[in-house]
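Please keep the coordinates open while you read.

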Amino acid sequence: QYGTMIEKSKGKDTTTGHWEIAGYISEKPFATYPNGFPKELVDKFIAETNCGGILANIPASGTAIIEKLNDEHHKTKFPIVYTSADSVFQIAVDTDLIPLETLYKWCEIARKILDDGNYNVSRVIARPYKIIDGKPTRISKDRRDYSMQPPEDTLLDEAKKEGIRVIGIGKIEDIFAKKGITHAIHTGSNKEGLELTLKALKNELDLDSIAYKGINITDETREIIFTNLVDTDMLFGHRNDAKGYGNAIEEIDTYLDKMLPYITEDDLLIVTADHGCDPGTPSTDHSREYIPLVVYGKKCRRGVNLGTRSSFADIGRTILDYFGISEGIAGESFLNEIM
């Protein structure tokens, strides 16, 4: 089955899109800082991290800003703090200069300052990089996102309450600030995310090694695997690399061929997106546009046109409906249309 979906939430960023897929519609957009972050916020960050100072504090392309300020970063050891058209507080350091653990700690401090001050910033993002072949190069596998928690329960929380395993692959646990997740594993590339999703379908993941402590899985018959593939956006959409973007889509398509044989009679596979990131426009920012909806299940009717859905939340509502869970999240189920 296939269709398109309109974003109902106010915004076009990663957090907003994922939350809406999971059934929470954001009525208020996250704050953006086109002129950089206010002095009182920066001063508090410098004082609480004891980092000595910061560089940049402007909206910027991540790859461009680390190339521009790398020498000064090495001279001062100050972190590079920047934002974008989205609601993000990004901290970049060369981890051969500043340890990765320090970067993560600084991000945790920034998250607390932003929350305590009601700055309404969606994500703090750790942007580690290293000098490789003489060029500052971001290390995707060590990136971490520190998101606000969804204000209300989502699909993931409702499933977890039922004792259902909820596996986040990629930056899913970061986007939901661990809320509603039972197992999680980070990835460094689309390929790694696709390989791990395939392993999950084949029941080959080492679940004990990625389980949260104190989680009680009481229902071994139902499970959610939620995968985010970050390269499509980060490496290609934001860099206006249409060819790379197309190659990434083809790679995903190739892996679908590998996954379909492991979709059982009781499984439902949904392929979608959390926002647009059009590589063919002059802007390098996210684009607010319809997202694709592709649904596959062996018990589903073939070739159903699901039309244009009025919210991403229809996905979350449909999954809960499929599980027989009636708890209230936003969205309208399309289960009766596909079964």
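The points below go from strands to a helix, then to cores and rings.

1. Basis. This is a predicted model: local features need pLDDT of at least 70, side-chain atom pairs count only at pLDDT 80 or more, and totals for chains, interfaces and linings use all residues. Residues are numbered from 1 along each chain as its sequence is written, and side-chain values use heavy atoms, with hydrogens and water left out.

2. Strand 4. Start with residues 88–94. Seven of the seven residues here are buried, so strand 4 is largely enclosed by the rest of the structure. Buried means under 20% relative accessible area, exposed over 50%, and partly exposed in between (1.4 Å probe, protein chains only). Helices (H or I, at least four residues) and strands (E, at least two) are DSSP runs, numbered from the N terminus. In a regular strand the side chains alternate between the two faces of the sheet. Here Val88, Gln90, Ala92 and Asp94 point one way, while Phe89, Ile91 and Val93 point the other way.

3. Partners of strand 4. Two strands pair if DSSP finds at least two bridges between them. Strand 3 (residues 80–83) runs antiparallel to strand 4, with three bridges. Ile80 has Ala92 as its bridge partner. Strand 5 (residues 123–132) runs parallel to strand 4, with seven bridges. There, Val93 is partnered by Pro128. The chain gets from strand 4 to strand 5 through helix 4 (residues 100–116), in a right-handed β-α-β crossover. Right-handed means that, with the strands pointing away from the viewer, the path from the first strand over the helix to the second runs clockwise.

4. Helix 3. Look at residues 62–76. Helix 3 bends by about 55 degrees at Leu69; the bend is the angle between axes fitted to the seven residues ending there and the seven starting there. Its buried residues include Gly62, Ile65, Ile66, Leu69, Asn70 and His73. Among the elements covering them are strand 2 (55–59), strand 3, strand 4, strand 5 and strand 6 (135–138). Lys77 follows helix 3 and has a positive phi, near 65 degrees.

5. Nonpolar cores. A nonpolar core is a set of buried Ala, Val, Leu, Ile, Met, Phe, Trp, Tyr and Cys residues joined through side-chain atoms within 4.5 Å. The largest has 34 residues, and Leu155 and Phe176 make the most contacts inside it. Helix 11 (314–323) is among the elements that each supply at least two residues. Helix 11 gives the most, with four residues. Beyond its neighbours within four places in sequence, Leu155 is in contact (heavy atoms within 4.5 Å) with Ala22, Ile224, Gly316, Ile319, Leu320 and Ile329. Apart from this core lies another, of 26 residues, including Tyr33, Ile54, Tyr104 and Val124.

6. Aromatic pairs. How many does a search of the whole structure find? Six. Rings of Phe, Tyr and Trp (its six-membered ring) pair if their centres lie within 6.5 Å; planes under 30 degrees apart count as stacked, over 60 as edge-to-face and the rest as tilted. Tyr33 and Phe37 have ring centres 5.1 Å apart and planes at 40 degrees, so the pair is tilted. Both residues are buried. Phe176 and Phe226 have centres 6.0 Å apart and planes at 55 degrees, so this pair is tilted. Phe176 sits in the loop between helix 6 and strand 9 (183–185) and Phe226 in strand 10, 50 residues apart. Phe176 is buried at 0% relative accessibility, and Phe226 is buried at 14%. Ring pairs also link Tyr33, Phe37, Phe45 and Phe89 into a cluster.
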